[in-house]
Amino acid sequence: MRTVGTAVAGLKDIQSLVPTLVELAQRHSGWDVLPEHFPVVGEALLWAVGNALEERWVTEVKSAWEAVWGTIVSVMEPALREANLARMPEEDRVLVRVEESWALVAEANDLQDLGVKVFLKIFEIAPAALQLFSFKDQTPLAESAGLKLHGTIVMQTVGKAVAGLKDLASLVPVLKGLAERHADFAVLPEHFPIVGHALLTTLGSALGDKWTPEVEAAWVSTWACVAAVMEPALVAASQAKAASEANPGIEANHANTDKDDRMSPTDSASSLPESAILREHVEESMAPSEFVAPARGGGELYSGGALAASV
């Protein structure tokens, strides 16, 4: 309660109080305090103050205390989150930032609208990509029922992928299967940076000031990992499709065997499990790379070397 008294006394000089509250939050991180504890503490604090004041606990006084507590939480909760994240391994920080930011996006936005924005950005960057889709002749494009449906499905898939990040061993075959299906639609490896740019630019616009350098870096590294799994699967499927078309006499069971090999839980070039390989990609992507992603503010494509500087 002495700390509460200090906070009340400091309300006359908020700028001086903020560092004190941040330091307090950081200390509590070491005691495994979580952001969801704040409502419980606030309720208990106001109950204690109300009991102490008795008949003086009028509506105006209660409202003032609620406002003060809200201000304290607005400072301490973000500081506690960052302190808790700082204590995690890097790959866990990436996971938490992606999950939390996706939850904010999904809660505050219509997935269909986001999906349309992603594809309009894709077609803005690469106009020829529109010819790959059945709705290419529907006008106006932004109102196309086909585009809206496809955009919704894609954003739902993003949500499922985010949810699957905690179980990489199960997610890898899903991503490979998705890549293999897209081989039938003439999708190319060079499309991945374009899609990544469009997706991250759209997410950044949706999150506004919550699209921090740390959140951006988490999404950049996550997309790099997704692409690292999907691109080889797409290439292999495209090559198998081309070989099958060039040699229609190839036995079907041989093609099925090749597909089973591609869906194997281990990579042909490594004895590591796919989930371990994906985790390695997370770590490697935190260093300068050639991954192409959106610059902050939705600018031109830039090299992933900026990632390391922003972490």
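Predicted model: local features only at pLDDT ≥ 70, side-chain atom pairs only at ≥ 80, totals over all residues.
Helices in what follows are DSSP runs of H or I of at least four residues, numbered from the N terminus, and with that naming Pro-140 falls in the loop between α6 and α7.

Let me begin with the chain as a whole. Its secondary structure comes to 13 helices and 2 strands, and of its 311 residues, 37% count as buried. If we take the contacts between residues at least 6 apart in sequence, 70% of them join residues that are at least 24 apart.

Two packed helices are described by the angle between their axes and the distance between the axes, and I will give both for each pair. For α8 and α10, the axes come within 8 Å and cross at roughly 45°, which makes α8 oblique to α10. The crossing of these two helices, α8 and α10, is right-handed. On the α8 side the contact is made by Val-172, Leu-175, Lys-176, Leu-178, Ala-179, Glu-180 and His-182, and on the α10 side by Val-226, Val-229, Met-230, Ala-233, Leu-234 and Ala-237. Sorted by class, this contact of α8 with α10 has 10 nonpolar residues, 1 polar and 2 charged.

The second pair is α5 and α9, which pack at an angle of about 70° with their axes 10 Å apart. Angles of 65 to 115 degrees count as roughly perpendicular, and α5 and α9 are therefore roughly perpendicular to each other. Here Ser-101, Trp-102, Leu-104 and Val-105 of α5 meet Leu-203, Ala-206 and Leu-207 of α9. By class, the contact of α5 with α9 has 6 nonpolar residues, 1 polar and no charged ones.

Staying with α9, which covers residues 191-207, His-191 is found in this helix. Is His-191 buried or exposed? The cut-off for buried is under 20% relative accessible area, and His-191, at 19% relative accessibility, therefore counts as buried. Leaving aside its neighbours within four places in sequence, His-191 is in contact with Leu-132 and Ala-186.

That brings me to the backbone. Most residues other than glycine have a negative phi, and most peptide bonds are trans. Ala-186 is found in the loop between α8 and α9 and is partly exposed, with a relative accessible area of 46%. Asp-32, another residue other than glycine, also has a positive phi, near 65°. Asp-32 sits in the loop between α2, residues 14-29, and α3, residues 38-53, and it is exposed, with a relative accessible area of 52%. As for Pro-140, a cis peptide bond joins Thr-139 to it, with omega about -10°.

Finally, two pairs that are separated along the sequence. Glu-36 has its place in the loop between α2 and α3 and is exposed, with a relative accessible area of 52%. How far apart in space are Glu-36 and Glu-77, C-alpha to C-alpha? They are 9.0 Å apart by that distance, and 41 residues apart in sequence. In helix α3 we find Trp-47, which at 60% relative accessibility counts as exposed. Trp-47 and Lys-62 are 15 residues apart in sequence, and their C-alpha atoms are 9.8 Å apart in space.

Notes:
Residues numbered from 1 in each chain as written. Heavy atoms only, no water. Buried < 20%, exposed > 50% of the residue type's maximum accessible area, 1.4 Å probe, protein only. Contact = heavy atoms within 4.5 Å. Axes fitted to C-alpha atoms, helices over the stretch in contact; angles between N-to-C directions. Parallel < 35°, antiparallel > 145°, perpendicular 65-115°, else oblique. Left-handed = near helix turned anticlockwise from the far one by under 90°. Nonpolar A, V, L, I, M, F, W, Y, C, P; charged D, E, K, R; others polar.
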